[in-house]
Every structure is written in C-alpha cells, then in structure tokens.
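Me: Could you please show me how to read the aromatic contacts of a model, and then its confidence?

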Amino acid sequence: NLAALSETQPWAIPPLCRRTPPDEVGTRHYTVRRSDGYLVALALHNADGHDVPIVRWGERDGYRAILSDPSHREQAEGHATIVQLGLGSGELAMALAERLRASQHLIIWEADPALAKAILEVVDLSPLWLSTQVSLLFGSHPYLSQDQQQRLKQPSLLYITSSARCWNIW
C-alpha cells in the first residue's frame, strides 16, 4: 500500500507514518480479529478492556443493496465524482473503483488516519492507489489538490461506509 501510494499520492504517506500526540484522534488502538486465518473484523480496544467492532470484512459496507438497484446505477453514471466517507474494509472502494467510467473519480476520505493505517497493514489495496482515478484523503482537514477541489465543487455521489456511519459520525 505504501509503495503504491508513494507512486501516485505521496502526500498520503505522512499521515499514515506520523505519530500523533496522545490527545489526538489518531491514537486509538485497533486490533484485528481473524477466524481460520481470514480477516473478520477490526475492533477498537477501549480503555475499559472491551473491543468494539468497527470494520467487518465480507459485508462490502452495504454495497450489495445499492448494486441491486438499477436506478442507483444510472444515478452513479451521471456523476463525475464519487465520494466514499470512511475507508472501511476496502471492499466498497474496490467495488466502486471497478465500476468507474473513464471520466469518473473516486475520492475516499478516512477521518481517522490510525484506522486507515490499521486497515492498510492487513489488506492490500494497492490496485486502488495505483489508479489515477482514486484518491485517498485523511484527517479532519485533508489536503486537496486543485483537481479534487474542482471536482468537489460539482455535484457528487456520496457513499458512507458502515464504520463511518456508526463511528466517525462527526
């Protein structure tokens, strides 16, 4: 992931590699749950010792329901920019990227760089990052290129991952 990002989006590397002060969001401790060697979930390890599942693999963050709706597919084709809030498991991003037309761009915004780092440590999403049609943004005030700024001034189609809906509601 880091090698692919360094080729196409070098500005995305520092938030993934930076240590953050203890009072910032990026210090959350995430743990990966596996079953028979397969990824099952990524959980937040709370101070009280309990794990709260944040990301689950195999669910595509609700994308199956969207995929079965033909009117939604037509709507997606009419937008030049698709925005995904939350990286989630990466499965939604991969599914969206597979359906991009040549004129479309997918922007993935993960508010918590520590969560993105935990995901990228266990899942190879390098095909996304090697694409010139996919951008990854981090933090509450992400860096936006001129092209991204122009794209986001136009109507965009918005997807929200399950993790973003229940966790990073701000």
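Reply: The structure holds one aromatic pair; rings of Phe, Tyr and Trp (its six-membered ring) pair if their centres lie within 6.5 Å. The model is predicted: local features need pLDDT of at least 70, side-chain atom pairs count only at pLDDT 80 or more, and totals for chains, interfaces and linings use all residues. Residues are numbered from 1 along each chain as its sequence is written, and side-chain values use heavy atoms, with hydrogens and water left out.

Me: Why is the pair of Trp 11 and Tyr 143 described as it is?

Reply: A pair of aromatic rings is described by the distance of the centres and the angle of the planes. Planes under 30 degrees apart count as stacked, over 60 as edge-to-face and the rest as tilted. The centres of Trp 11 and Tyr 143 are 5.8 Å apart and their planes stand at 50 degrees, so this pair is tilted.

Me: Which parts of the chain does the pair link?

Reply: Helices (H or I, at least four residues) and strands (E, at least two) are DSSP runs, numbered from the N terminus. Trp 11 lies in the loop between helix H1 (2–8) and helix H2 (13–17), and Tyr 143 in the loop between strand E6 (134–138) and helix H8 (146–152), 132 residues apart.

Me: Where is confidence lowest, and where highest?

Reply: pLDDT is the predictor's confidence in each residue, from 0 to 100. The protein chain has a mean of 81. Confidence is lowest in helix H3 (residues 63–67), at a mean of 56, and highest in helix H7 (residues 126–130), at 96.
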